Structure formats: structure tokens, C-alpha cells
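This briefing is meant to be read with the sequence and the model side by side.

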Amino acid sequence: EETTRRRAVVRVVVGAGGAMASVMFGRAVGGRGVRGVARRMASTQMTIRDALNSALDEEMARDERVFVMGEEVAQYQGAYKVTKGLFQKYGEKRIFDTPITEMGFAGIATGAAYKGLRPVCEFMTFNFAMQAIDQIVNSAAKQAYMTNGDMNVPVVFRGPNGAAAGVAAQHSQCFAAWFSQVPGLKVITPWNAEDCRGLLKSAIRDPNPVVFLENELLYGQAFPVSEEAQSPDFLLPIGKAHVERAGTDVSLISFTKMVGYCMEAADKLAAQGISAEVLNLRTLRPLDRDAIIATAKKTHRVVAVEEGWPQCGIASEICAILMESEAFDYLDAPVERVTGADIPMPYATALEKAALPQVEDILAATARTIDRTMYGTGTARVSTAQRAPSESLESLGPRPTAAKQPTAPPLAAAAAALSRSPPGRGATPRYESPPLSRGRPAIDSRECSARHCAPASLPSLFCTEECPVRRLRLALTDNTSRRIVVAGGTHNQASCAHQSLARA
Amino acid sequence: PEPRQMAWHWRRAVSRAAAVRGLSSGSGGEIRVPLDGAFLGHRLDSLPPGEAVTSLSELMEYLELMYTMRRMEITCDNEYKARTIRGFCHLYDGQEAIGAGIAAALTDEDSWITSYRCHCVMLARGGTVESILAELMGMSTGATGGKGGSMHFYNKKRNFYGGQGIVGAQVPVGAGLALANKYTTPPGERMPVAIACYGDGAANQGQIWESANMAALWKLPLILCIENNQYGMGTSPARSSSNNDYYTMGNLIPGLKLDGMNVLSVREGMRHAKELCATGAGPVFVECSTYRYHGHSMSDPGTTYRNRDEIAQVRATRDPIEQLKSLILQNSPESVADDVKALEKRVRADVAKACENAKKASPPDPARHLHNNIYLDDNGNDTPPQYIRMPHSLHTT
């Protein structure tokens, strides 16, 4: 496929020089690329692997101080072929293989950076960087501060991060939250090929230590790359998020691979009449607070998506930012998080898939934000997109709190609900509500233990208006009754209502 | 057995010096100090020379540096007890010959990194007593403006890279400094070396083995200097290391053991090691036998794992400053004794004055200094992030 693509590209740009071709497929061939070439290139497709390769190649050509070290980066051409061709082009001084001694070579990279060289230290995966984390944090990240400005450390630690496919617990951890917590580091999580090119080049040129978290499953994925992004001086600013898709109804905030899932979810939501904005964080430290607050203020609903573990994750930080900033007053619903399962990563396909966020989870979370509105519409009914039967979670047996629900109306109803502008929203929205409740509370079917509802042909995450549990709750919070008679058509209904009463 | 063996070496050296006393020609003239038997080699083709060639002015320089180190560390002790210094404070008194010997053997082109016991290395590489004491007292006039403290002294201009709080972590970083030295030297030319100092307590760290392996593979100009002061915190080498001969732990990598209480022994040993490294032979282990009079840090009385007799015996027989003074006095005319006394008096006064000045300074102001220098540009200027969360608010830069 690559060869065919190369031939096709060569046909298009014949006469513009081999240098240009080298930039387009990211091969380590020729010189500087588009600079000085008269004919402008069209946008092209580039895999993440080639994007990273071309960025490394250009930065090594540009600055003698840049060198690459890591396991299998040279003769093996890179464990994931990200450094393919660089050894042939630059030789042993500029790119060299290390023994399997992460703590040692991360320290060596740091020491070289102390003296003003610009090492790019590759970890085969960031799981192995745990062995080196002392050098990254204590020798690199804190150095500028401890020396009070005497030493900067221009080192880049890069490699794949997060879940791959079937590599189990010790090889699937996402380190975004851990590294993003450390002051003195810059932490970058690119998504598409342009991100990779622009941000890796910026990372290498940055005078501070950078942790550059790639994703193995994205390496082979191709993305369009504009002509501007193919230039050897194309840089993207570190610390700035990017709106991948503008929208008005809900913000999906994420980074790296999950951005792709959010884009897919946004397409599905659009088909249902919901306009989702997708914010690609690009950098986790420094986190683009302004962009997060701006998108929340624009859409009033936020879903934060990450692949890693939930506790103290990036999505938690997004929640915190929105809580403590002016964006809180603009939220119409609590922030929803979609994260990986809070478990070590299992191996079997079905288990692994269940442990990771899927597009359906993003849709469900979106639906929850829309249903849980503060302004009294409350009757919006939503349903999730279905999973294909073969991938159904039902096949695993019932979820602990799963409930089979009757078919719920599609998202269109939710869209209609959204289009009604709620009362009280003016130039400076202020949150006004009855003293006891914040409008009609939603009931998530995972909370509802009602097994009495008619078995659904489709799994849904929401009780309907007919659900007696829901109606009981509404009755309680509306505070219109002081005496509650629990009566049910079946014993199950009554006991379920009783439970809900206790909870309420 | 170890201290006795070293004491024997010293006594031999001194008796030889006595024998040649008549041959030196006074101040400025050559003084030859025998160092026979002061070195043990491991896979070394050659040992350092059997004698050190020096002069009175050189020896007086070393004495001044070492005595300043000693007075400064004693001042730290007093100030710590007076609570003007807080937190960690790891003192170097007893080990001065190593700091002074390395400073004499290496140049400012050579990179130096050490552990948290780094006050005296900072002194050797451009720090002043006042800036060091001010830093320990947490003053804004301190070497890192009160940001670093006892374990974090640096001077990039003089190729001194700290000052490392994590035991052993300085060694891979030191290998990185060596790599940078090799990277920036045209092939075939002499390279500046890098020296990474660490203790017997650190010597078994895995990352040190890793660094030595890579340094040997890539022929990095790295001197791995083990300052064996006989105790890793409270644990002696016999209890911490299955192989106590640290200079042999490089396996196929050459090693050298020397008397770390004799500044000339250290100087010659380091010169020899530097020669090997700078010409591309690869790394060398250099083990310096030494002793620390204080405990591991100021929170360690230093007597639970050793007895006071041992400390007193080392002080009486192997003290590096006393050795050096004897050497000077035995190889100089009578008048030099007055010079030595005057030097000591001057250094004491200078250190006391520096301490006074350090105390007069003021601590850094959080409003102006707390959030500085997290990120830098290539010229060392502060490039602060846009927002920094503080306990009470969100600081916007």
C-alpha cells in the first residue's frame, strides 16, 4: 500500500525534486524538503509513524545537537519503525541503540541535556519508563527550579503510551495523569499526523524536558496533512488545545486516541441532531485552561474522555477546572467522565474491550448530560446507540446494576429539548432553581434497580417516564406530598419503590 | 583492618618525606612526595606515579581550600544546632582531601557531579562560603536563591552539576555528561572527562552498574569515583556489600584504589584516571578510602553504629588537613609555620565573617520568587506557564 501510494505521489510531484518526496512519505532521504521549492504541494495522507519519522528527520538535520537513543532505534529501525531509515542517514553518533537499562539511559539522556545537547530518548513503551521515572522527575523536571534558573534540560522522552491490543496489565498503562502532574515537565499527547509533526518538532526545540506520549494503535493510522504542515519549519504551540470540530450542544474533551472516538461519536450525534464540539487537548501540561473553560461556556455541557484509570485522571482535572472557574456558572449539567475501567488491564478480547472506553460510552455520557438539565425540561428522553449484538455486554451476563428498559425514544427528543432555551439564561447566566431540587433529576438506569420494567428488546440506560421509581423520586423531590403510600402492581414493583424511597 | 592498612601507607609516605626533607629548596621549589604503595590497581596497565611533584605554593593552595572546607562544615554544624539551618545537612569534614584532590587534578572543562554531600564541591567549583551558608539558611542571597538548599548546589559555568538528592541517580547523569563531552569533541582528540562521585552506600545501586556498562560499551570518558567513607548512613560495607572492593566492581572495567585522606594521592590518582578516560580508553572506577567525622547527616549522632574511639583514632592518625600541614612543615623552612598559622587564622575569620553576612540577608519573598524558573529558555531566562495553582488561588503570570 505504501509503495502504491509512493508511486502515486511521485507521479503527482515529478519535477519538484526528491527532497519534497522525502517529506511526503517521511523517508530519510534527501535534504530539507519544501523550502525553496517553487511548486507548492497539495495536502496528503500521512501515517502517524511517518509523521513522527519525518519530524525526527527534519529536526536532526536542522540541529547537530539533536540525537536519538533508545532500545532498537538504530539497527532494528525502531521497535515500531518510528525511527526507520534514520540510522542509515545519520549514523551511529546521532542515533544509537541502548541496552535494556531504562533508568541508566534516561539518566544519560538527562545528563547530556544538562550540557546543552538535545537528546530524544525513546522508551519502547512508557510502561518501561516507570523504571526511569526518578530520572525524568527528579533529575530532569525539577532541575530548572532547583538550580533557580542555572540549568535548563532540553530532553524529550517519547514513546507509545496507554493500551495497545492484547498486551495485558503490565504493558497497557496510561501514564498521562502521572506525568501531567509534575511541575517542570511539559507533557504532550498528539492525536493526528499534523499534531505529531508540529508538536514533536516543538518538543525537540523546547528548552525544557518534554514527555511526548504517543499511541501504538495510531502508528499505522493515516491522516490528512496540509501543505503547511509538511514544511520543515511547521511547529505547533505547546500548551494550546485545538477544536477539531466546532459544535454548540455538548463539548467532548479528550486527547490522543480518544479524540478519534469523540469525532466518531460527534458524527453519530450529528445524525441525531446534536451538535458536539470536540476539543483535542494536544498538551496535558501546561493544560489549556482557557480552551476548556471556553468550550464549556459555549456548549454548557461537557463530557471528558480518557483511556486511563479514572481516579485522579485528566478528566478529574477537567472537572476540577470547570468547578473552580467561571465555567461552573455556565454548566447546565454536571460534567460527565468517560474513562478506562478502574482495573488492571485484562487480556481476553472481550474483557479488554469492556475495560476501555468505546464510542457507545461517549454517546451514553453525552445523553446523560443532556438529560440532566437544570432548567426544568426534564422530560427529554434519550437512548444510546446500540452495540452490535455480538459485542453486547449482555453476553457477559448481567451487569451488577444493569436493567432492561423498554425502548426509549431517539436522541431527536433530546435535541428538541435542547433547542428550547431554558428560562433565566441571559447575557450573564445565573443558576436559579427551586430551593430543594435542581430541576428534574434524571435517573440513570444503573441507579434504578427496577427489574419490574418490561423486558426491553433493546438495552437502554434510561428509565422512561412510566418507570414508577422515577415517578416516586420526582414526587419526593417536588415536595408535594408528606405521606407516601407504597403500592405496586407486583411485589417487585413495591419493593423496588421502597428501596428508592429509602435512597431518596 | 582497612584503616590500619591506610595508616601504614601514610606512615611510610611521611617517613620517606622525612628522608628527603633536606632536598627541597624552600618556597616555590619542587617538593617530591613519595606515594609508593598508595595505589591498588584492578585491570590497570599502569599505576599512578610513585611520587607526587608539587611545590609549597601548591600545597598552601590545597591547604587553604581544605581548611576553608573544614571551617565551613563546622560552621554548618554550629548553625544547624542553632537552628538557622534546617532540613537536611550532610557534612563533608574528614573527606576534604577528595574534593581538593579532584579540583587539583581536573580542570573547569571537566564535568563534576556528586551526591547530596556537596557543600565542599560547590566551594571548589566557584561557590563562596557566604553564598553556601546563605543558601543553607534559606536566604535569597544563597547560591540558588533559597530554592535548592543543602543538597542542590550547582554552577553550570564551572561545569558543576550538583548536588543530587537521590542516592546513585547522579551516576547515570554523570555518564550523560561524559557522553556530551565525547559528542562535542572531534574524533581522535582528547575529551574533557566527567567525574561522578558517590559513596559506598550508593555503590550497589543498579543504575550505577547500568551506567558503567554503557560507559564501557561506548567508551565514555567517565570517572566513577567512590568516596568510601566506611558507612552508608549507618551500614558498613561489610554489611551492605558482598564485594567490598568497590574499585573492582567494574568487572572488566579498570579500577584504582587510593588513600582518600591524602590530597596528593587523590590528585595523582585522578590525573591518572583522567588520562585514561580523556584518550578514549573508556570509564575508570576510582575508590577513595576516606572517613567522615560527622554522622550521615545532622540528624545522625554518628555513634550508634561506630564508637567514638574509632572517630578519634582517625582524627589523630589520618586527618587530611593535619597530614597536609605536616607535609608542608616538613618540607619548608621554619618561617612557613607562621604562614600556616596566619592562613588558618585568616580562614577562620573569613568563614566567620561570611556566616555573619549570610545571616544579615533576607529570605526570598514568596510573592516574587515562589513561581520562578519552572520553565526556562535556552538563555536561562524564566518562561513561566500561564497559570500556576497556589494553595490560596490561581496565580496568573
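This is a predicted model: local features need pLDDT of at least 70, side-chain atom pairs count only at pLDDT 80 or more; totals for chains, interfaces and linings use all residues.

Which side chain meets that of A:Glu336 in a salt bridge? The partner is A:Arg368, with a distance of 2.9 Å from N to O.

**Salt bridges within the chains**

- A:Glu336 belongs to strand E14 (residues 336–338) of chain A and A:Arg368 to helix H15 (residues 359–371) of chain A, so their pairing ties together parts that lie 32 residues apart in sequence; A:Glu336 and A:Arg368 are both buried.
- Over all chains, a search of the whole structure finds 42 salt bridges, and one of them joins the side chains of A:Lys89 and A:Asp57 at 2.7 Å, N to O.
- That pair links distant parts of the chain, since A:Lys89 sits in helix H4 (residues 86–90) of chain A while A:Asp57 sits in helix H3 (residues 48–62) of chain A, 32 residues apart.
- In chain B, a salt bridge is formed by B:Lys325 and B:Glu344, whose closest N and O atoms are 2.6 Å apart.
- Here too distant parts of the chain are linked, with B:Lys325 in helix H11 (residues 320–330) of chain B and B:Glu344 in helix H12 (residues 335–360) of chain B, 19 residues apart; both B:Lys325 and B:Glu344 are buried.
- A network of salt bridges in chain A links A:Glu58, A:Glu59, A:Arg62, A:Arg197, A:Lys201, A:Arg205 and A:Asp233.

**The interface of chain B and chain A**

- The contact draws 47 residues from chain B and 49 residues from chain A, and the two chains bury about 4000 Å² between them, of which 60% is on carbon and sulfur atoms.
- The rule finds 2 salt bridges across this interface, one of them between B:Asp378 and A:Arg118, where the closest N and O atoms are 3.2 Å apart.
- Between chain B and chain A the count of residue pairs in polar contact, with both residues at pLDDT 80 or more, is 25.
- On the side of chain B that touches chain A, the elements giving two or more residues are helix H6 (170–183), helix H7 (206–218) and strand E9 (387–389) of chain B, and H6(B) gives the most, with 9 residues.
- Sorted by class, that side of chain B holds 21 nonpolar, 19 polar and 7 charged residues.

**Buried parts of chain A**

- Helix H7 (residues 133–141) of chain A has 8 of its 9 residues buried, so it is largely enclosed by the rest of the structure; among the buried residues of H7(A) are A:Asp134, A:Gln135 and A:Asn138.
- A:Arg282 is placed in the loop between strand E11 (276–280) and strand E12 (283–285) of chain A, yet A:Arg282 is buried, with a relative accessible area of 8%.
- The side chain of A:Arg282 makes a polar contact with the side chain of A:Asp195 at 2.7 Å, and, apart from neighbours within four places in sequence, the residues in contact with A:Arg282 include A:Thr189, A:Lys240, A:His242 and A:Glu244.

**Chain B as a whole, and B:His369**

- Chain B comprises 13 helices and 10 strands, and its radius of gyration of 21 Å is close to the 21 Å that the globule rule gives for 397 residues, so chain B is as compact as a globular protein of that length.
- Of the 397 residues of chain B, 58% count as buried, and among contacts between residues at least 6 apart in sequence, 72% join residues at least 24 apart.
- B:His369 is found in helix H13 (residues 366–369) of chain B and, at 24% relative accessibility, counts as partly exposed.
- Leaving aside neighbours within four places in sequence, B:His369 is in contact with A:Tyr145, B:Lys147 and B:Pro364.

Key
Residues are numbered from 1 along each chain as its sequence is written. Chains are lettered from A and ligands numbered from 1 in the order in which they are written. Side-chain values use heavy atoms; hydrogens and water are left out. Contact means heavy atoms within 4.5 Å. Buried area is the accessible area (1.4 Å probe) that two parts lose on being put together, summed over both. A salt bridge is a side-chain nitrogen of Lys or Arg within 4 Å of a carboxyl oxygen of Asp or Glu. A polar contact is a pair of N or O atoms within 3.5 Å; within protein, one must be able to donate a hydrogen and the other to accept it, and residues adjacent in sequence count only if both atoms are side-chain atoms. Helices (H or I, at least four residues) and strands (E, at least two) are DSSP runs, numbered from the N terminus. Ala, Val, Leu, Ile, Met, Phe, Trp, Tyr, Cys and Pro count as nonpolar, Asp, Glu, Lys and Arg as charged, and the others, Gly among them, as polar. Buried means under 20% relative accessible area, exposed over 50%, partly exposed in between (1.4 Å probe, protein chains only). The radius of gyration is taken over C-alpha atoms; the globule rule is 2.2 Å times the number of residues to the power 0.38.
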